[in-house]
Amino acid sequence: MEGKLKKDRDLWKDYKKRMDANALRLSFLNHIHYTRAKDEFSATEYDKYLALAYTVRDRMVERWSKTQQSYYNEDVKRVYYLSLEFLLGRLLLHNIVNLDIYEDIKYVVKKCGYDFDGLLELEPDAALGNGGLGRLAACFLDSMATLGLPGYGYGLRYEFGIFKQVIKNGFQVEEPDEWLKFEYPWEIERPEYSVNIRFYGKVIHEKNEFGETKFKWVDTKDILAIPHDIPMIGYGNNTVNTLRLWSARASNQFDLEIFNQGDYVKAVEDKNYSENISKVLYPSDSVYEGKELRLKQEYFFAAASISDIVRRYLKTYDDFERFPDRVAIQLNDTHPAIAVPELMRVLLDEHNLKWERAWDITRQVFAFTNHTVMQEALERWPVALIQKMFPRHMQIIFEINRRFLNEVRLRFPGNEGKVRDMSIIEDGAEKSVRMANLAVVASHSVNGVAKLHTEILKTRVFRDFDEMFPERINNKTNAITQRRWLLLANHGLSKLVTEKIGDGWIKNLEELKKFEEYENDESLLLLLYKVKEENKKRLAKHIEENKKIEVDMGSIFDAHIKRIHEYKRQLLNVFHIMSLYKKLKDDPAADITPRTFIFAGKAAPGYLRAKLIIKLINSVGELVNGDRDINGKIKVVFLENYGVTLAEKIIPASDISEQISTAGKEASGTGNMKFALNGAITIGTLDGANIEIMERVGRENFYVFGLTAEEVADLLSSGSYDPWELYKSDANIKWIVDTIKSGELPGCSAQLLRPIYDSLMYGADGNPPDQFFVLRDFSSYAAAQEKINFDFRNRLDWQKKAIKNISNMGYFSSDRAVREYAEEIWKVKEIDISL
C-alpha cells in the first residue's frame with residue numbers, strides 16, 4: 001500500500017512541469033475536467049483543443065518566469081521590438097516542437113481516443129498582421145528566443161485583424177476576422193500593468209523653483225492600454241520571451257448618471273469610441289476619421305510601450321544614466337516613429353532631464369528599419385492633426401527639427417535645397433511631418449532589408465542623410481525562421497534532410513549546405529520528388545474541398561501569393577495566363593506543359609485597382625477552368641483569406657515561386673526565401689533579396705527576367721517609355737489590352753476594368769502610363785516562362801535545381817539576421833537560462 005501511495009505521489013508531483021507522457025496525460029485530462037469543467041461525454045472538440053493548448057502552456061510558464069527573473073537578476077541589456085504587425089500564425093504545434101514533446105503529446109492525445117491533427121486544425125491564425133513586415137517580426141521573435149537574446153515584442157491586440165477576405169462573384173469582400181471570438185489560450189491579460197494614454201488637450205507653461213520653463217499637457221482625453229502577454233519560446237533551450245500586445249479600454253467605462261436619465265446608448269458611447277483603437281489593423285485612411293484613427297493607433301501602442309520600457313528600467317535604476325546601456329528600441333518601419341517624441345516628452349516633462357541629455361539618450365536607444373522605397377508608403381501626417389491630437393509632441397518635433405536643420409546648415413552652408421529635403425516638416429498646401437525623416441534623425445542606426453534596397457536608400461531615398469551621417473545607414477538582409485517554414489510547414493522534406501545530414505540545420509541553417517552533396521544521387525532525387533508529390537496532393541485536396549476545382553497533380557504548381565499591389569505585378573502573371581489561353585484556343589495541340597496557377601493575397605479595402613486585379617484573376621480563372629477546348633492544360637485558382645496557415649499549405653507544394661515585382665520597388669521580400677527553402681524555383685526580377693538568392697543558388701537555378709532597377713529608374717526619369725509602341729508592335733500585348741478594354745471576360749465589363757486599362761495606357765493618380773512596366777517586361781517574362789515550360793519536363797534535372805535552392809538558403813535564416821542586429825546595432829548578448 002505504501003509503495004502504491006508513493007507511486008501515486010510521484011505521478012502527481014510537479015506534473016504540470018514534467019515532460020513525460022504520464023504527466024502530459026494528467027495535465028490534459030485535468031484541463032478538460034477542471035479548466036473547461038467538462039467530462040468525457042460533454043467535452044467538445046474545442047474543449048479538447050483548449051485542454052491541449054493549456055497542457056503545452058503549463059510547460060512554458062516556469063521557463064517564462066525564470067527567463068524574466070534572470071533578465072532582472074543579471075541586469076542585462078534588453079531589446080524592445082516595436083511593430084504594428086506580428087503575423088504569428090498558429091502557435092500550438094510551434095510550441096510543442098520547440099518544447100520537444102511532439103511524440104509524447106501526440107501519443108497521449110491518441111491514447112485518449114482523440115484526433116491530434118484535428119485538434120491542431122482548430123487553432124485560429126492570430127490576426128495581428130497582413131504581410132511580410134508582420135511575418136518578419138514574428139520570425140525575429142522566434143530567433144531572439146532561440147538565440148537566448150533578452151527580447152520583447154510590442155504591438156497592438158487587434159480584435160478583428162485587418163479583415164477576413166471572402167470572394168463573392170470574383171470580388172473581394174471584407175468581413176470581420178473574429179479570431180478572438182472564443183478564448184485565445186496563449187495570451188495572459190496583465191491589467192496590473194495598464195497604462196493611461198492621453199490624447200488632445202493643451203499645453204501650458206509654468207516656471208519651477210529655479211525659474212526654468214516647464215511644460216504640462218493638460219485637459220486630455222484618456223484611454224487605458226491593457227497589456228496581454230504571449231510567451232515566445234525558443235527552440236532547444238529554456239528561454240521564453242514576451243510579446244506584449246495592447247488593447248484599448250475606456251478610462252470611463254460607463255456613465256451611470258446618463259444611464260439613469262434613460263439615455264442608455266450615450267452611457268456607453270465613450271467606451272465604444274475609445275475601444276475602436278484596437279479593433280482593426282490599418283483602418284482606411286481615405287477619410288479624415290480613418291486617418292485620425294490610424295494615427296491614434298500608432299501613438300497608443302508606441303506610448304504604452306515607451307511607458308512600459310521606462311517602468312522596467314526604473315525597477316533597477318533611479319536615474320537615466322544607464323538607460324542606453326540597458327535599453328535598445330527597434331522601430332519596425334515608420335509606424336512606431338511617434339515613439340521618438342514620446343520618449344523625449346517622458347524624459348523632459350516627467351523626469352526633468354535637460355534637452356541635450358534627453359536627445360543624446362534618445363539617439364542612443366533608437367534604431368530604425370526601413371521597409372519601403374515607395375514614396376506613398378513613407379508615412380506623412382498633417383501637422384494640424386498631430387497638433388490637435390498630441391500638442392506637446394508637435395512642439396517637441398518642431399524643436400527637434402529646428403536643432404537638426406541648424407546642424408544641416410552648418411554641414412552644408414548655403415544649400416537650402418538640402419535643408420528643405422532633409423527637414424522633418426514638409427512644406428506645402430498642407431504642412432506635414434515626414435515620419436521617415438524623423439526616424440532617421442533620431443536613430444543611431446538605419447537599416448535597409450536587402451543589399452539593393454539599402455543601396456537605393458543611400459543613393460536615392462535618404463541620399464542627403466547618408467552624406468551627412470555616412471555610417472548610419474547599413475544593410476541587414478531580411479530572413480525567415482527555418483523552424484516555421486521547413487520543420488513545421490514541410491514535414492516530409494525536413495525528415496528527408498535530417499535523415500541525410502542530421503538535425504543541426506534546425507538551429508544552424510548553414511548546415512543545409514551538406515545536402516548539396518546529394519544533387520547527383522538519383523535515389524535521393526526520387527525521394528525529393530515524392531515529398532513534393534505528397535505536398536501537392538495535400539494542396540490539391542484543399543483546393544478541391546474549398547474551391548471545387550480539380551487540378552492536375554502532374555502539372556506545374558505555379559504560386560503567386562502575397563499582398564495584392566500593382567508593383568507586385570499580379571497583373572503581369574494574369575496577362576501571361578491570358579496569352580497561354582489564347583495560344584491553346586488557337587491551337588489546342590500547342591506544346592504547353594500543364595500548369596496550375598495559384599494566387600492568394602489581400603488587397604487594401606480602399607485600393608480600387610488592386611481589388612479589380614483580384615476580380616480579373618477570378619474572371620480569367622472562370623474562363624479558363626470552364627473551357628473544355630483546352631483540355632485542362634491550365635487551371636487558375638484564387639485561394640481566399642491568405643495567411644500563415646494557408647501559406648504553410650501552398651509553399652511546400654509549389655514548383656514555381658513568382659517573385660516578379662518591378663525592379664527597385666520591393667525592399668526585400670521573404671516569400672522568395674520560404675519558397676526556395678522548400679525547393680520551389682524562382683522566376684523573378686533582379687529586385688530586393690531575389691538578387692542575393694540568385695547569387696547563392698546560381699543563375700541557372702533561378703529564372704531571371706525583366707528590367708533592372710537602374711533601367712527602371714532611367715526610363716522613369718527620362719520619360720521615354722511609351723506603352724503604346726508595344727501595343728502597336730506586339731500582337732499578343734494588343735490582344736490582352738483590347739480584352740481588358742472591352743471587358744469581355746466572365747462577370748466583367750468595359751466600365752468595370754477601365755481603371756486597369758487607363759492606368760496601363762494613360763497613367764493614373766498623376767503617374768505615367770504603365771508605371772510598373774507590366775507591358776514593358778511582358779515579352780521577357782513570357783520567354784522565361786517558356787523556358788520553365790520545357791525545363792520542368794526533365795524531372796531529375798528539376799530536382800537538382802530544387803536541391804541547389806534548398807541547400808543554399810543558410811544565409812537567409814532569421815537567426816543570422818537577428819545575430820547581426822544584436823552584435824552590430826543593439827549590442828545585446830545571449831544569456832543562458834537554467835532551470
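**View 1. Strands β19 and β20 run parallel and are joined by six bridges.** The model is predicted: local features need pLDDT of at least 70, side-chain atom pairs count only at pLDDT 80 or more, and totals for chains, interfaces and linings use all residues. Residues are numbered from 1 along each chain as its sequence is written, and side-chain values use heavy atoms, with hydrogens and water left out. Strands (E, at least two residues) and helices (H or I, at least four) are DSSP runs, numbered from the N terminus; two strands pair if DSSP finds at least two bridges between them. Phe597 has Val636 in β20 as its bridge partner. From β19 the chain passes through helix α25 (residues 608-625) to β20 in a right-handed β-α-β crossover. Right-handed means that, with the strands pointing away from the viewer, the path from the first strand over the helix to the second runs clockwise.

**View 2. Strand β18 (residues 556-561) pairs with β19 in the parallel sense over six bridges.** Asp558 has Phe597 in β19 as its bridge partner.

**View 3. Strand β19 (residues 595-600) is largely enclosed by the rest of the structure, because six of its six residues are buried.** Buried means under 20% relative accessible area, exposed over 50%, and partly exposed in between, with a 1.4 Å probe and protein chains only. In a regular strand the side chains alternate between the two faces of the sheet. Arg595, Phe597 and Phe599 point one way from β19, while Thr596, Ile598 and Ala600 point the other way; all are buried.

**View 4. Six strands form an open parallel sheet in the order β20-β19-β18-β21-β22-β23.** Its edge strands, β20 (634-639) and β23 (703-704), each pair on one side only. Strand β22 (residues 681-684) is joined to β23 by two bridges in the parallel sense, and Ile683 stands opposite Tyr703 in β23. Helix α34 (residues 795-807) packs on the sheet and touches β21 (656-659), β22 and β23. Contact means heavy atoms within 4.5 Å. The direction of α34 makes about 85° with that of β22; axes are lines fitted to C-alpha atoms, for helices over the stretch in contact, and angles run from 0 to 180 degrees between N-to-C directions.

**View 5. Cysteines Cys112 and Cys748.** Cys112 counts as partly exposed because its relative accessibility is 22%. Cys748 is buried, at a relative accessible area of 17%. With a disulfide taken as a pair of cysteine sulfur atoms within 2.5 Å, the count comes to zero disulfides.
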